[in-house]
Amino acid sequence: MGAPLAYDRDDSQASEDWAPIRDFVRRLARRRLGRSDLSEDVAQETVLRLVQYGRNGVPIDNLYGLALRIAENLVKEHFRREHRWGQVELSETLASAEPAPDRVIEGREAVETLKRALAKMPALRRDIIIRRRVQHQSCAAIAADLRLSVKAVEKHVTRGLLDLNEAFGQNGPGRGKVN
């Protein structure tokens, strides 16, 4: 008679008994298909069909040989199905150039949060943050224009960024509290 099958033994052993065959089929299918997700499907279906053969009382003399045959047939079936239906290309008209509605809402909320945070800042700090982060001016250029030291401008930038982080709830440990 054939090799003993996992379902004839203790159920807790079943996955361990089929693991070598499943791995063998998975590797074979991965080489043929080039996709791990499909190779997992082929391996699972192969083991399922092997179990069905055993339950039907069919003697299995060469378990790996039968697994190989089943797996090759499943791979061929996949290629036939793919060839028949072909690759479906998505139309460019289906995709919208507009952002998703939830992204629009998030963006609007972020803009409002930014406006509130900038409004709470002292005028000088707000001016320095806008010049540095929006207009991309150097600290030296801002310092010269506002008749401040570069160090003072850097401190205003640091404090302004901390204010913005707090407004957006991005505080790390020891950075103050979020309202």
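**Briefing on selected features**

N165 is located in helix α7 (residues 150-167); helices here are DSSP runs of H or I with at least four residues, numbered from the N terminus. The model is predicted, so local features need pLDDT of at least 70 and side-chain atom pairs count only at pLDDT 80 or more, while totals for chains, interfaces and linings use all residues. Residues are numbered from 1 along each chain as its sequence is written, and side-chain values use heavy atoms, with hydrogens and water left out.

- The C-alpha atoms of N165 and A117 are 9.4 Å apart, although 48 residues separate the two along the chain.

**The aromatic pair**
- One aromatic pair is found in a search of the whole structure (ring centres of Phe, Tyr or Trp, the last by its six-membered ring, within 6.5 Å).
- F24 and Y64 form this pair, with centres 5.4 Å apart and planes at 80 degrees, which is edge-to-face (over 60 degrees; under 30 is stacked and the rest tilted).
- The pair links distant parts of the chain, as F24 lies in helix α1 (residues 14-33) and Y64, 40 residues away, in helix α3 (residues 63-85).
- F24 is partly exposed because its relative accessibility is 25%, and Y64 is partly exposed at 40%.

**Helix α2**
- Helix α2 (residues 36-55) has 20 residues and spans 29 Å from its first C-alpha to its last, close to the expected 28 Å (1.5 Å times one less than the number of residues).
- Among the buried residues of α2 are L38, V42, L50 and G54.

Key:
Helix = DSSP H or I, 4+ residues; strand = E, 2+ residues; numbered from the N terminus. Buried < 20%, exposed > 50% of the residue type's maximum accessible area, 1.4 Å probe, protein only.
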